[in-house]
Amino acid sequence: MTLYVDEVLLENVLVDYCLMRTALCVTGQPASRWRLWLGAGLGGLYAAMTLAPGLGFLACFPAQAAVFLLMCAAAFGLERAAMPVSVWYLVLQLGFGGLVFAVVQLLKLPAFLWGGRLYYPVGPRLLALLLGLFFLTARLTLRRYFRHRGGSLVPLELDLQGRKVACTALVDTGNTLLDPVSGREVPVLSWSLAKKLLPRLPESEREDAAALFAFLRHEQPGLRLRLLPYRAVGREGGLLLGLWCDEVHAGRLRGPGLVALSPQELAPEGPYQALLPGEFSRDLM
């Protein structure tokens with residue numbers, strides 16, 4: 001049996017990327033594609049390096065653990081929310097490895113020992129079939145864990161007069177808040193996120209959009225503000241403070257835009273701090 005470094009590299013990158021995406025589906029955590037490709041690329045590079053003469057020590061458990069942690073840090077970040085997705089990624093890795101081993105034993109494919117590691121002649125077609133089968137099985141058996149799948153949780157970055165804030169946003173088809181001037185749909189930010197953009201927001205006026213408007217007009221006259229009428233379940237209506245940001249970046253969308261400040265936390269202890277209108281889903285990720 002002959003091993004080709006480029007095939008080992010490419011196959012490992014694709015497998016790692018698919019498993020990382022599946023882990024994100026299970027946990028509902030967001031991550032940018034370039035970070036996932038970076039993490040998967042590190043995994044593919046590691047697999048290829050273990051084939052190099054004199055680098056067999058990379059196959060030992062400490063090296064494997066170190067590379068796994070590095071991959072997770074690159075793909076999912078170092079935030080606390082990255083821990084559950086990293087655990088699920090490990091579970092999925094072990095599960096997929098078990099599936100490949102079972103199929104190899106069933107088909108009686110000959111193993112090949114290289115650098116202290118076993119390799120099996122699993123071609124690209126069989127590998128793709130196993131990946132599809134594994135994802136389908138995971139989707140069926142873990143269906144109650146699959147939350148906000150398909151990119152409905154996405155990274156959101158805001159820039160207001162040089163102050164940059166990053167968070168996780170939920171694409172919410174039920175968010176129909178409109179700018180009455182332009183008619184465009186408007187993202188909504190949690191109060192805690194709004195405080196990061198505007199640290200001097202007074203807590204005492206958080207429920208009164210008109211009072212916040214007057215306060216900011218006096219304290220920060222350079223801001224572009226607007227009062228936005230809204231309706232919500234259980235309320236006849238009210239006003240939200242609208243704030244024009246220098247840049248709103250979500251997926252492929254980037255540019256100046258209007259956001260609304262909610263006086264409440266949108267998801268206390270939850271995975272997102274902002275709501276993006278459903279219209280955004282067409283251009284995200």
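Helices here are DSSP runs of at least four residues, numbered from the N terminus. In this predicted model, helix H2 covers residues 33-49, and Leu45 lies in it. Leu45 is partly exposed, with a relative accessible area of 44%. Together with Leu9 and Met49, Leu45 forms a nonpolar patch on the surface, and the accessible area of the three is about 230 Å².

## Aromatic pairs

A pair of aromatic rings is described by the distance of the centres and the angle of the planes. The structure holds 4 aromatic pairs. One of them joins Tyr17 and Trp37, which are stacked at 3.9 Å centre to centre with 10° between the planes. This pair links distant parts of the chain, since Tyr17 is in helix H1 (residues 5-27) and Trp37 is in helix H2, 20 residues apart. Tyr17 counts as buried because its relative accessibility is 12%, under the 20% limit, whereas Trp37 is partly exposed at 40%.

Phe96 and Phe134 form an edge-to-face pair, 5.6 Å centre to centre and with 70° between the planes. Phe96 lies in helix H4 and Phe134 in helix H5 (residues 124-141), so this pair ties together parts that are 38 residues apart in sequence. Both Phe96 and Phe134 are buried.

Phe68, Phe76 and Tyr89 are linked into a cluster by ring pairs. Ser86, in helix H4 (residues 82-107), touches Phe68, Cys72 and Phe76, leaving aside residues up to four places away in sequence. Ser86 is buried, with a relative accessible area of 14%.

## A charge over a ring

Arg224 lies over the face of Trp244, at 4.5 Å from the ring centre.

Definitions and conventions: Residues are numbered from 1 along each chain as its sequence is written. This is a predicted model: local features need pLDDT of at least 70, side-chain atom pairs count only at pLDDT 80 or more; totals for chains, interfaces and linings use all residues. Side-chain values use heavy atoms; hydrogens and water are left out. Helices (H or I, at least four residues) and strands (E, at least two) are DSSP runs, numbered from the N terminus. Buried means under 20% relative accessible area, exposed over 50%, partly exposed in between (1.4 Å probe, protein chains only). Contact means heavy atoms within 4.5 Å. Patches are made of residues with over 30% relative accessible area and no salt bridge: like charges are joined within 9 Å, nonpolar side chains (Val, Leu, Ile, Met, Phe, Trp, Tyr) within 5 Å. Accessible areas come from the Shrake-Rupley method with a 1.4 Å probe; for residues, only the protein chains shown count as cover. A salt bridge is a side-chain nitrogen of Lys or Arg within 4 Å of a carboxyl oxygen of Asp or Glu. Rings of Phe, Tyr and Trp (its six-membered ring) pair if their centres lie within 6.5 Å; planes under 30 degrees apart count as stacked, over 60 as edge-to-face and the rest as tilted. A charge sits over a ring if NZ of Lys or CZ of Arg is within 6 Å of the ring centre and within 35 degrees of the ring normal.
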